[in-house]
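Please read this briefing with the sequence and the 3D structure side by side, and look for each element as it is named. The notes are grouped by topic, so that one part of the fold can be followed at a time.

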Amino acid sequence: MGNNSARDLFFQYIIGHAQEYDVYIVAADLRGKVFDQLCENSPSRFVQVGIAEQNMVAIAGGLALSGKRTFTYSIGAFLPTRALDQVRNAVSLMKLPVVMVAFEVGFGGGMYGATHFSTEDCSVISYCPGVEVLNLCDDGVAEEFAEYSLHAKSPIYLRIDRQSGLLEPCEKGIDWDKGFRVMKEGEGVVVLSYGYLMSLAFYAEFDMQPTIIDVFKRPFNEELLMGMLAPYDTIVVYEEQQVRAGIGSFLESLMFEHGINKRVILMGIDYHGEFPEECNNRGGWLEKYGISQKDLIRTVNRAFRIENS
């Protein structure tokens, strides 16, 4: 896995087109070497507001109203919750093409404890109409995400993980109208995932190969995805979000509407009524809540055994 590689590839592309698209980046107490060139050559294009996510989003909305191509940059645990009022009223309601970049998503900042979890952010943002939720998990498509963001006509909430890597999916490139892509082809069992867990699913060694799909965009094309899922007996939804906050519960409702009766296994986070008080690394949190790579392998292998018994 790389270290900040997807973030750097994404912003390098954005910064390389900063003059052409009149780009402004508004950050909340984050920076990084990737921004050094922009701050040196065009310091006014990088606005640092400090620990003030509400101001960050409000300023970004004002810049967008004046015709600027605007990006915000903050930690995933803070942007959606602290600035929800501004996301709702200054971006979503105004239909402004602000690209809100969230870093250290899921358990990515978990070494600092529960205050730095962003395990419900997808759900929080999804309540703001018209905001697309994107998950960048593959360094190989970072520039495609950047190009899409530069031409956005509606708000975007873009989740970028610190621990990204280069994946080689069987379905090359990004089809934004679909909102998902096939990473590996198999049969019998299909795994739907995104973000950091997508890479764990991609590199997992199963007894038999399931189909693995990266649901990188929400909303996605519901009809196409339902068609993709129809031939499979078991659907495993593997996500670093609370079970009630992720795409798994939404998918179950969608399948019911389409009359698709399949076995669905939701692998997400259940805090059992309280946040943890201890600190841990990401691997430790995944093990604690039963969504480590080993848990995925065990779950998928069991599903194959049940189907073949």
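**Sheets, helices and surface**

Thr72 has Met100 as its bridge partner in β4. The model shown here is a predicted one, and it includes an open sheet of 7 strands as well as an open sheet of 5 strands.

- Helix α8, residues 142-150, lies across β1, β3, β4, β5, β6 and β10, and it runs at about 155° to β5.

**Strand β3 and its partners**

- Strand β1, residues 23-27, pairs with β3 in the parallel sense over 5 bridges, and within this pairing Ile25 has Phe71 as its bridge partner in β3.
- The pairing of β3 with β4 is also parallel and also runs over 5 bridges, with Phe71 standing opposite Val99 in β4.
- How many residues of strand β3 are buried? The strand, which spans residues 69-75, is mostly covered, with 7 of its 7 residues buried.
- In a regular strand, side chains alternate between the two faces of the sheet.
- From β3, Arg69, Phe71, Tyr73 and Ile75 point one way, while Thr70, Thr72 and Ser74 point the other way, and all of these residues are buried.

**The sheet of 5 strands**

- This open sheet has the strand order β7-β9-β8-β11-β12, again with mixed pairing.
- Its edge strands are β7, residues 181-184, and β12, residues 263-269, and each of them pairs on one side only.
- From one strand to the next, the twist averages 25°.

**An enclosed helix**

- Why is helix α9 described as largely enclosed by the rest of the structure? The reason is that 7 of the 8 residues of this helix, which spans residues 196-203, are buried.
- The buried residues of α9 are Tyr196, Leu197, Met198, Ser199, Leu200, Ala201 and Phe202.

**A nonpolar patch on the surface**

- Leu65, Leu93 and Met94 form a nonpolar patch on the surface, and together they have about 310 Å² of accessible area.
- Met94 lies in the loop between α6, residues 84-92, and β4, residues 99-103, and its relative accessible area of 40% makes Met94 partly exposed.

**A loop residue, Asp233**

- Asp233 is found in the loop between α10, residues 222-229, and β11.
- Asp233 has a relative accessibility of 44%, so it counts as partly exposed, since that class lies between the cut-offs of 20% and 50%.
- If neighbours within four places in sequence are left aside, Asp233 is in contact with Gly188, Lys262, Arg263 and Glu307.
- The C-alpha atoms of Asp233 and Arg181 are separated by 19 Å, and these two residues are 52 residues apart along the chain.

Key. Residues numbered from 1 in each chain as written. Predicted model: local features only at pLDDT ≥ 70, side-chain atom pairs only at ≥ 80, totals over all residues. Heavy atoms only, no water. Pairing = 2+ DSSP bridges. Helix = DSSP H or I, 4+ residues; strand = E, 2+ residues; numbered from the N terminus. Axes fitted to C-alpha atoms, helices over the stretch in contact; angles between N-to-C directions. Patch = residues over 30% accessible without salt bridge, like charges linked within 9 Å, V, L, I, M, F, W, Y side chains within 5 Å. Areas by Shrake-Rupley, 256 points an atom, 1.4 Å probe, with all protein chains shown as cover. Salt bridge = Lys/Arg side-chain N within 4 Å of Asp/Glu carboxyl O. Buried < 20%, exposed > 50% of the residue type's maximum accessible area, 1.4 Å probe, protein only. Contact = heavy atoms within 4.5 Å.
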